[in-house]
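Please examine the sequence and the model shown below. The report that follows describes the fold, the nonpolar cores and the aromatic pairs.

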Amino acid sequence: AILITAPVLTHYTPSIQLVENPTYSNTLHEVLNEVKTYGSMAKDDLVYVSPHVVMPIIEKQGARIYFRFYRSVAFKGMDFSSEDVILYIHPEDYRIILKNLDISEDKLKVTEIIPEVRGLLRPGTLFTQRDSSLGLWKINIDTP
């Protein structure tokens, strides 16, 4: 049984997903390349990045991974100043990030960097539902 299910899960399912939605893969590559461009900024300022795409800059001093449970673990909001940025890849991450910041929403500026594309079909739902859509957005403090 494992000789049948293993290739289905590791090869055929991802292949079907990418054939059905090739723009997802292209967008993911664009997101990774764009995150990499923030590497020079992460030397002096903080750059919070989704854990799914942080690898291009993780070795930088100012690179930070944001997690949905940040406040409950650190017992405070994320350190975030006027020179820092937060990069996120799923639209629903915005509300999660707001819960972990001590700054009001009206002081934040959200910029779409890479337009949103639909998510991949989910095998757990027999390919009837999709994962979260993918794009890249940047949050920084709006300075007048």
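Leaving aside neighbours within four places in sequence, with which residues is V49 in contact? V49 is in contact with V35, V54, I57, R64, I65, Y66 and L87, where contact means heavy atoms within 4.5 Å.

**Basis of the model**

This is a predicted model, in which local features need pLDDT of at least 70 and side-chain atom pairs count only at pLDDT 80 or more, while totals for chains, interfaces and linings use all residues. Residues are numbered from 1 along each chain as its sequence is written, and side-chain values use heavy atoms, with hydrogens and water left out.

The predictor's confidence in each residue is its pLDDT, from 0 to 100. The chain has a mean pLDDT of 91, and 100% of its residues reach 70 or more. Confidence is lowest in helix α1 (residues 2–20), with a mean of 84, and highest in β4, at 97.

**Overall fold**

The chain contains four helices and five strands. These are DSSP runs, numbered from the N terminus: helices are H or I with at least four residues, and strands are E with at least two. Their order along the sequence is α-α-β-β-α-β-α-β-β. The C-alpha trace spans about 55 × 30 × 25 Å along its principal axes.

Of the 144 residues in the chain, 38% are buried. A residue is buried under 20% relative accessible area, exposed over 50% and partly exposed in between, with a 1.4 Å probe and protein chains only. The chain exposes about 8,800 Å², of which carbon and sulfur atoms supply 57%; accessible areas come from the Shrake-Rupley method with a 1.4 Å probe, and for residues only the protein chains shown count as cover. Among contacts between residues at least 6 apart in sequence, 58% join residues at least 24 apart.

**Nonpolar cores**

A nonpolar core is a set of buried Ala, Val, Leu, Ile, Met, Phe, Trp, Tyr and Cys residues joined through side-chain atoms within 4.5 Å. The largest has 19 residues, and V31, V35, V47, V49, L87 and L136 have the most contacts inside it. Two or more residues of this core come from each of α2 (22–37), β1 (47–49), β3 (85–88), β4 (108–117) and β5 (134–141). Helix α2 gives the most, with three residues. A second, separate core of 17 residues includes Y66, F80, I86 and Y88.

V54 lies in the loop between β1 and β2 (63–65). Why does V54 count as buried? Its relative accessible area is 2%. Not counting residues up to four places away in sequence, V54 touches V49, R64 and I65. V54 and V35 are 19 residues apart along the chain, and their C-alpha atoms are separated by 7.4 Å.

**Aromatic pairs**

A pair of aromatic rings is described by the distance of the centres and the angle of the planes. Rings of Phe, Tyr and Trp (its six-membered ring) pair if their centres lie within 6.5 Å; planes under 30 degrees apart count as stacked, over 60 as edge-to-face and the rest as tilted. The structure holds three aromatic pairs, including the two tabulated here.

| Pair | Centre to centre | Angle between planes | Type |
|---|---|---|---|
| F67 and F69 | 5.3 Å | 15° | stacked |
| Y88 and Y94 | 6.2 Å | 35° | tilted |

F67 counts as partly exposed because its relative accessibility is 34%. F69 is also partly exposed, at 44% relative accessibility. Y88 and Y94, by contrast, are both buried. Together with W137, Y88 and Y94 form one aromatic cluster.
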